[in-house]
Amino acid sequence: MESLRYFEDIEVGEVLQTPGRTLTEADVVRFAALSGDHDLLDRSGGPPGRAPAVPDMLVMTLVSGLGFRVPVSQPLVLAFMVFDWRFLAPVLVGDTVHCRMQVSAKRALREGGVLVEKREVLNQRGEVVQEGEYKLLVARRPRA
Amino acid sequence: MTAEDRQYFEDIEVGAEYVSPGRTVTEADIVAFAGLSGDYNVLHTDAEFMRTSIFGERIAHGLLGLSISSGLGSRAMTRPFATLAFLGLRWRFKGPIKIGDTIKVRIKVTDKRETSKPDRGIVVLNRAVTNQRGEVVQEGETDIMVERRR
């Protein structure tokens, strides 16, 4: 198995930045199919000439995957516990977002450890479009 | 759909409840969600590894459950809200969703308040996602901005 970092290896305050991800129309179509919310494909309401909006929850979804694409190995996530999330500005098809993540607290449990992670989603102009907090249960280092 | 089919801020009653149809979560949903999100965590993609885990098998991504529940939510309402924007959510993942589980969402309007702008208001919805045994696997609150009648 690839070398993993564990709860014990994570430093509070460490900031990580993900690569960018351009949001495409294909993503929106796939998300509509997967979620079953086909109203997302109704383009009749938006301002004329503007690129279609990307569903807020799709941005949140892509950011959850982006979080694994950082230069250091990530601890094995055992469970997502809590999400506290705010949608601040629209994201449009063609925008490129990336995520800045910082572990703000950690707490050891018997069966794992809880990490509190602040995440900011920024677009290509550096504007924060979404932000929030993840509480994750991650693996502790196995005892020898 | 015409504008009259939608529920404006004034039409929405605190305490109103909606229940969606069920949706069975399949292996294909999990594979598709891994591809879309890029989250290939072993929890969702490695059947062999997960056989030895406390779950005994692969489980759905938490956000897949949330995404499916948002789609189910739109099917729970015969008259959708005149939503202008999704403001935020506070969400708790309480239990696993496994391949073959059938989930539905119950939505309850818990609060509504006016804002400084006369053309819109904020509505708070409590959403509970349950499985076929009636266990709540995810739950939380979403804040939405809804259009007012003019």
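**Notes on the predicted model**

1. The axes of helix 2 of chain A and helix 1 (residues 27-37) of chain B cross at roughly 80° and come within 8 Å of one another, which makes helix 2 of chain A roughly perpendicular to helix 1 of chain B. On the chain A side the contact is made by A:Leu58, A:Thr61, A:Leu62, A:Ser64, A:Gly65 and A:Leu66, and on the chain B side by B:Phe33, B:Leu36 and B:Ser37. Please keep in mind that the model is predicted.

2. Helix 2 of chain A is largely enclosed by the rest of the structure, because eleven of its eleven residues are buried. Among them are A:Asp56, A:Met57, A:Val59 and A:Met60, and the buried residues also include A:Leu58 and A:Thr61.

3. A:Asp37 deserves a comment, lying in the loop between helix 1 and helix 2 (56-66) of chain A. A:Asp37 is buried yet has no salt bridge, and the nearest side chain of opposite charge, that of B:Arg127, is 8.2 Å away. Apart from its neighbours within four places in sequence, A:Asp37 is in contact with A:Ala32, B:Ser70, B:Gly71 and B:Ser74.

4. Over all chains, a search of the whole structure finds 26 salt bridges. One of them joins A:Arg141 to A:Asp9, with the closest N and O atoms 2.4 Å apart; the pair links distant parts of the chain, 132 residues apart, with A:Arg141 in the segment after strand 6 (128-138) of chain A and A:Asp9 in the segment before strand 1 (15-17) of chain A. A:Arg141 is partly exposed at 41% relative accessibility, and A:Asp9 is partly exposed at 26%.

5. In chain B, B:Arg148 forms a salt bridge with B:Glu10, the closest N and O atoms being 3.5 Å apart, and this pair likewise links distant parts of the chain, 138 residues apart. B:Arg148 counts as buried at 16% relative accessibility, whereas B:Glu10 is partly exposed at 37%.

Technical notes
Residues are numbered from 1 along each chain as its sequence is written. Chains are lettered from A and ligands numbered from 1 in the order in which they are written. This is a predicted model: local features need pLDDT of at least 70, side-chain atom pairs count only at pLDDT 80 or more; totals for chains, interfaces and linings use all residues. Side-chain values use heavy atoms; hydrogens and water are left out. Helices (H or I, at least four residues) and strands (E, at least two) are DSSP runs, numbered from the N terminus. Buried means under 20% relative accessible area, exposed over 50%, partly exposed in between (1.4 Å probe, protein chains only). Lys and Arg count as positive and Asp and Glu as negative; His and the chain ends are not counted. A salt bridge is a side-chain nitrogen of Lys or Arg within 4 Å of a carboxyl oxygen of Asp or Glu. Contact means heavy atoms within 4.5 Å. Axes are lines fitted to C-alpha atoms, for helices over the stretch in contact, and angles run from 0 to 180 degrees between N-to-C directions. Angles under 35 degrees count as roughly parallel, over 145 as roughly antiparallel, 65 to 115 as roughly perpendicular and the rest as oblique.
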